[in-house]
Amino acid sequence: MATTFTKIASVSVGSGGAATITLSSIPGTYTDLVLKFSNRTDNTGVGNGFTLTYNASSTNYTNRSIYGDGSTTASSSSSTSGMMWVNGSTETANTFANVELYITNYAGSNFKSSSNDAVMENNASATTYAGLQARLWSDTAAITSMTLTPSVGNWVQYTTATLYGIKNS
């Protein structure tokens with residue numbers, strides 16, 4: 001059971017928007033990491049995703065996802081740095097998708113595994129998604145930075161990423 005939950009970094013996108021969000025200089029002093037991410041883009045598409053890369057590496061990722069939209073369910077696998085979900089500009093005004101990612105043993109010399117849950121908010125007639133994802137980065141380097149990039153478009157104002165460190169001792 002975690003005894004400490006410390007905010008390492010937080011980025012909130014300003015009025016001009018942003019193509020990426022980078023959380024850098026992640027210290028290796030914690031056991032695990034938690035990323036809480038509230039997001040929206042200026043893209044008109046529905047159900048788009050984003051990429052999350054560690055240490056600027058775009059290789060050695062494996063994902064397994066399950067998701068649903070209220071009437072159907074599906075699963076998928078990929079070997080990309082892709083993640084679920086992003087609210088676009090056609091979803092309900094002023095709503096944001098939410099993602100929580102838990103990364104275990106991020107500073108160790110083993111491969112980095114994580115799990116996340118995500119929901120794309122939409123109160124209109126368009127589809128809304130919720131999903132779970134297991135993720136593996138097959139690299140032994142400690143995670144020292146993370147970059148979040150929408151699949152299409154740019155992050156809009158008030159998109160926020162907050163990274164926490166967890167110590168189990």
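Predicted model: local features only at pLDDT ≥ 70, side-chain atom pairs only at ≥ 80, totals over all residues.
Local features need pLDDT of at least 70 and side-chain atom pairs count only at pLDDT 80 or more, while totals for chains, interfaces and linings use all residues. Residues are numbered from 1 along each chain as its sequence is written, and side-chain values use heavy atoms, with hydrogens and water left out.

User: In what order do the four strands of the open sheet stand?
Analyst: Strands are DSSP runs of E, at least two residues, numbered from the N terminus, and two of them pair if DSSP finds at least two bridges between them. β2 (21–23) and β7 (82–83) each have a single partner strand, so they stand at the edges. The pairing is antiparallel, and the order is β2-β11-β4-β7.

User: Which residue in β11 is the bridge partner of Phe50?
Analyst: Strand β4 (residues 50–54) pairs with strand β11 (residues 146–150) over five bridges, in the antiparallel sense. In β11, the partner of Phe50 is Pro150.

User: At what N to O distance do Glu100 and Lys36 meet in a salt bridge?
Analyst: A salt bridge requires a side-chain nitrogen of Lys or Arg within 4 Å of a carboxyl oxygen of Asp or Glu. The count by this rule is one. The side chains of Glu100 and Lys36 meet at 2.4 Å.

User: Which residues have the most contacts inside the largest nonpolar core?
Analyst: Such a core joins buried (under 20% relative accessible area, 1.4 Å probe, protein chains only) Ala, Val, Leu, Ile, Met, Phe, Trp, Tyr and Cys residues through side-chain atoms within 4.5 Å. The largest has 30 residues, and those with the most contacts are Leu35, Phe37, Phe50, Tyr54, Met146 and Leu148.

Note on methods: Buried < 20%, exposed > 50% of the residue type's maximum accessible area, 1.4 Å probe, protein only.
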